[in-house]
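Dear colleague,

I am passing a structure on to you, and below it you will find some notes on what turned up in it. Please read them with the structure open beside you.

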Amino acid sequence: MQNDLSYENVTMRFEGRSGAVQALERFDFQVNSSEFLVIVGPSGCGKSTLLHLTAGLYKPPTGRILLGGTEIKEPGPDKAIVFQNFSLFPWKTVHDNIDFGLRINGIPATEREEQIKRVIHLIGLEGFENHYPRQLSGGMQQRVAIARSFVLKPRTLLMDEPFAALDAQNRQIMQEELVRIWQTQRPTVLFITHSVEEAVFLADRVIVMTRRPGRVKEVIDIAQIAGENHWRSDPFDEVIRRADFQDMRSRIWGLVKSEISVRN
Amino acid sequence: MNGAARNNGLARALLGAISVGSVLAAWWLVTSLELVKPLILPPPVDVWTGFLDIWHGYLNVPFWNHFLASISVMLGGYAMAIAVGVPLGIFMAWNRVADWVFGPLLQILRPIPPPAWIPLAILWFGIGYAGKIFIVFVAAAVPCILNSYLAIKQTPPELLNSARSLGAKPHTLLFEVAIPSGLPTIMTGLRIALGIAWASIVAAELVVSLAGFGFLIMNGYRNLESNIVFVGMAAVALLGLLMNVLFVHIERALLPWREDQDNG
Amino acid sequence: MADGSAEARASRLSVEAAPEGATLGSRIEALPNAVRVSVMLLFWLAVWYGVVELFNVSKDFLPNPIDVLTRIVRLAWEPVGAGALLTHAWASIVRLMWGFAAAILIGVPLGLAMAYYRPLQWIIAPLFELFRYIPPIAWAPFAMFWFGAGSAAQAYVIFTSSFAPILINTFRGVQLVDSRLIDAARTLGAKSWTILFEVALPAALPHVVTGLRIGLATGWMALIAAEIVAGTGSRDGLGYLILQGQQQLHADLTIGAMVLIGILGSLIDVGIRTAERRFAYWRE
């Protein structure tokens, strides 16, 4: 029970050019330890904001977020976040990118080398240690981004549409890779996506958010349908053909669509 | 396609050569037919003798002294501009109080063109080197400050947030993330500042000087020696070009991870 | 220079996860830009005044801001050399306009032609590169050989300075026109001239106007440089005023003229930026 996330009455506002924007309003939710939670919702509904708040990058003016019972007050490696792009340091090699987090957290040099080797093996990029990010494909870059966070053994992993910039094939590969990598440590995952298929494939539960200001519209339990051995461990192409998968997909898409229909 | 490309390259080089060649030929023709006074356009022969003259010691001052005078003063002012301008720009971008305090001052001083400072510099420092170093400093500092400011301000937020999430403190964020990220833009600022510094020292020397290329040009003008003026201008252009090429090479060596390098 | 947008706020470079709160910092930040800037300017003027008075700085070296202000005001009716402020400002602007106009009349059509006809580009470009590294002010002596030590020579220096950015930006502007736009026009049956005037030119216009703005800025700098280098040769202009101040050891005139040049230069820049926005209204 140590890596559960608790959202209590969370609100967030931004000052925009044309007045204040209410991104989140009275957001209440509980995420279970080691759960893979996916959030979907229309653009601008505040899902990204929610992630940034969970990472401790801002502090909500009212309400609070608790990780394992303790309030989140500042960012740190226990609440790792992976963005869609621009995460990696372009001037550092793959090796040095992963080394960065270990080094600033005081891990001694020899142990750092071991950890880097281990995690590079985990993501399958042996031989690329001395490459610069620009020399890697999008999928490979995201692997490094995940590795950089993963090597610090985060309690929760926050992912902001991490595969949205990849083409369809690489996206599929990365989804399966993410599952494999995640299984080795099982942090609590908060995953944002616009792709309903991706959501249904990966999630234990899916939250559908309302349009701005964001609130929980509905929670869908995928795990109970996905089976004893969750279908995310199976190849995507097989899973996507299942009738129960498609039912879930339609249902969730209908919910999201109803939030989009009126305004943009 | 390759053959066509090669033909294109050949045609291009040919036309270029013909173009420059015809200008040179016209120059020779017009002057040997004495269609214009040598004052308006010095004949190539005169230019050559003028060059030899300067090389061996125009007015009993060896060429090296002029070269040293211009270059050393320029480098002095340039180095000061970098030493003051880059840290200031970075500081203003990182710390909003610094921005509030120095920003308006910069906005007021910036529209004053570098040449406008020359008489004031003479008033304050006399006609010696100190005044010229001051002028180069004032001229070159502006692009240094501006570009360093932009470099830091334009740091991708995901880069900073990723680092924060890995546990980086503000000190690390500035020195290990923002500054390396902004280095390309800062280098561009330095390159622009170099060009401005060179033009400024020449301008200052045209107004008042005892040595240097501006002095050579101005002296040639006063003695109605258009060939000397010509050589002076050509030397200034050539040195400007060489410095720029040198800088680009240094830039490339310092930033091996840039996208626009044709690397692996 | 402070950026007040939500994004800048949200990703706050100065890094705490800032609470939405009533700290002194956020209160100052909430003030409109104009207020903050004005207060700071008054502060710096006070510093200037303080330094001059406290260290008993000589008036010939650095007059206090009040003296400079009064000198500027006096300039409005008290002639220096050829006339009062208006005479000089007008003289400078006229020179600028001549040089700038020449740069546009030659630079824009040439840039267009070079972008349209590849061979022309290959002919002109090497020549351009040859002359590019000559600082505009270095042309002054030859300009004075050709035109005498008067306004024409200075206009030529301005022309040299404005020409490069105008040519380059016009050329690039046309070159970067999306070839699909041209192809679309061609499939609709448009002839060469139509394509040029109704597709290429409008599409390239934002770039061209940017070139004009940069050309005006560099021309302004060249103007001042030329007026100062011309020394006793020129008898009017804002640069002449700066020089006069130095030669008569009237620092208040020099600094006053510098301030006026700065203000005038800013106004011109603001003016052309507004025009630039008007012309680029269909771009983001």
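B:Glu34 sits in the loop between α1 (2–32) and α2 (44–57) of chain B, and its phi is near 55°, a positive value in a residue other than glycine.

Please keep in mind that this is a predicted model, in which local features need pLDDT of at least 70 and side-chain atom pairs count only at pLDDT 80 or more, while totals for chains, interfaces and linings use all residues. Residues are numbered from 1 along each chain as its sequence is written, and chains are lettered from A and ligands numbered from 1 in the order in which they are written.

Helices (H or I, at least four residues) and strands (E, at least two) are DSSP runs, numbered from the N terminus. In chain A, the loop between α5 (168–183) and β8 (188–192) holds A:Arg186, which has a positive phi of about 55° although it is not a glycine, and which counts as partly exposed with 13 C-beta neighbours inside 10 Å. Another loop of chain A, between β9 (205–209) and β10 (216–221), contains A:Pro213, and the peptide bond joining A:Arg212 to A:Pro213 is cis, with omega about -5°. Most residues other than glycine have a negative phi, and most peptide bonds are trans.

Best wishes

Terms used:
Buried ≥ 20, exposed ≤ 12 C-beta atoms within 10 Å, placed from the backbone.
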